[in-house]
Amino acid sequence: MAFIFYQFFDLSFGYWAVITVAAVMQMTLGLVLKKSLLRLSGTLIGLLMAYVAVFLIQQYPMALLLIFASGMFLSALIIFAHKDLAYIGIVCGISFIFIG
C-alpha cells in the first residue's frame, strides 16, 4: 500500500515510506506499535544528538571527527546496553548520520 501511494503521487523520497513499513512489520499489532515506538525514540535521540553535534561543530570545527565518533559511540552503547533497546540504538545511529 505504501508503494502504491509512493508511485501514485510520484513522491521524490517516497521510498522511505516503503522502507519504514518493511522495518516495522511484525506478526501482531502490539509488536508493530512497540517497534514503531522504538523507531520514534531512536529518531528523536538521533535528532537531539545531531543538533548538539551541529552546534559543537560550529563552535569547534576541528573536532568534527571526535564529535562524529562520539555520536556513533553513544549509538553503540544503546545497542549493546539492553537487547530490547538495540533497535533504538540502530535507528539513533542512522538518524545521527543522516540528520547531522
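**Helices and their packing**

Analyst: Let us begin with H5, whose buried residues are Ala86, Tyr87, Ile88, Gly89, Val91, Cys92, Gly93, Ser95 and Phe96. Please keep in mind throughout that this is a predicted model.

User: Okay, and how many residues does H5 have, and how far does it reach?

Analyst: H5 has 14 residues, and from its first C-alpha to its last it reaches 20 Å, which is close to the 20 Å expected at 1.5 Å a residue.

User: What about H4, which of its residues are buried?

Analyst: In H4 the buried residues are Ile67, Gly71 and Ser75. They lie on the same side of H4, because the arc they cover around the axis is only 75 degrees. On the other side of H4, the exposed residues are Leu65, Leu66, Phe73, Phe80 and Ala81.

User: Why would residues three or four places apart point the same way?

Analyst: An α-helix has 3.6 residues a turn, so residues at a spacing of three or four places point the same way.

User: And what do the buried residues of H4 pack against?

Analyst: They pack against two helices, namely H3, which covers residues 29-59, and H5, which covers residues 86-99. H4 itself runs over residues 64-81, which makes 18 residues, and it reaches 26 Å from its first C-alpha to its last, close to the 26 Å expected at 1.5 Å a residue.

User: Let's take H4 with H5. At what angle do their axes cross?

Analyst: The axes of H4 and H5 cross at roughly 165 degrees and come within 6 Å. H4 and H5 are therefore roughly antiparallel to each other, and the crossing in which H4 passes H5 is left-handed. On the H4 side the contact is made by Ile67, Phe68, Gly71, Met72, Ser75, Ile78 and Ile79, while H5 contributes Ala86, Ile88, Gly89, Ile90, Cys92, Gly93, Phe96 and Ile97.

User: Ser75 keeps coming up. Is it buried or exposed?

Analyst: Ser75, which is found in helix H4, counts as buried because its relative accessibility is 3%, and the cut-off for buried is under 20%. Leaving aside residues up to four places away in sequence, Ser75 touches Met49, Gly89, Cys92 and Gly93.

User: Now H3 against H4. How are those two arranged, and which residues make the contact?

Analyst: H3 and H4 pack with their axes 10 Å apart and at an angle of about 165 degrees. That angle makes H3 roughly antiparallel to H4, and H3 passes H4 in a right-handed crossing. The contact is made by Ile45, Met49, Ala53, Leu56 and Ile57 of H3, together with Leu64, Ile67, Gly71, Leu74, Ser75 and Ile78 of H4.

User: That leaves H3 with H5. What is the angle there?

Analyst: Here the angle is about 40 degrees, and the axes of H3 and H5 are 7 Å apart. That makes H3 oblique to H5, and the crossing of H3 and H5 is right-handed.

User: Which residues meet across that pair?

Analyst: From H3 these are Lys35, Leu38, Arg39, Ser41, Gly42, Thr43, Ile45, Gly46, Leu47, Met49, Ala50 and Ala53, and they meet Tyr87, Ile88, Val91, Cys92, Ser95, Phe96 and Ile99 in H5.

User: Changing topic, where does Leu33 sit, and is it buried or exposed?

Analyst: Leu33 has its place in helix H3 and is exposed, because its relative accessible area is 53%, where exposed means over 50%. The C-alpha atoms of Leu33 and Ile88 are separated by 14 Å, although the two residues are 55 residues apart along the chain.

User: And Gln59?

Analyst: Gln59 is found in helix H3 and is partly exposed, with a relative accessible area of 46%. Gln59 and Phe3, which are 56 residues apart along the chain, have their C-alpha atoms separated by 42 Å.

Definitions and conventions:
Residues numbered from 1 in each chain as written. Predicted model: local features only at pLDDT ≥ 70, side-chain atom pairs only at ≥ 80, totals over all residues. Heavy atoms only, no water. Helix = DSSP H or I, 4+ residues; strand = E, 2+ residues; numbered from the N terminus. Expected span 1.5 Å × (residues − 1). Buried < 20%, exposed > 50% of the residue type's maximum accessible area, 1.4 Å probe, protein only. Arc of directions from axis to C-beta. Contact = heavy atoms within 4.5 Å. Axes fitted to C-alpha atoms, helices over the stretch in contact; angles between N-to-C directions. Parallel < 35°, antiparallel > 145°, perpendicular 65-115°, else oblique. Left-handed = near helix turned anticlockwise from the far one by under 90°.
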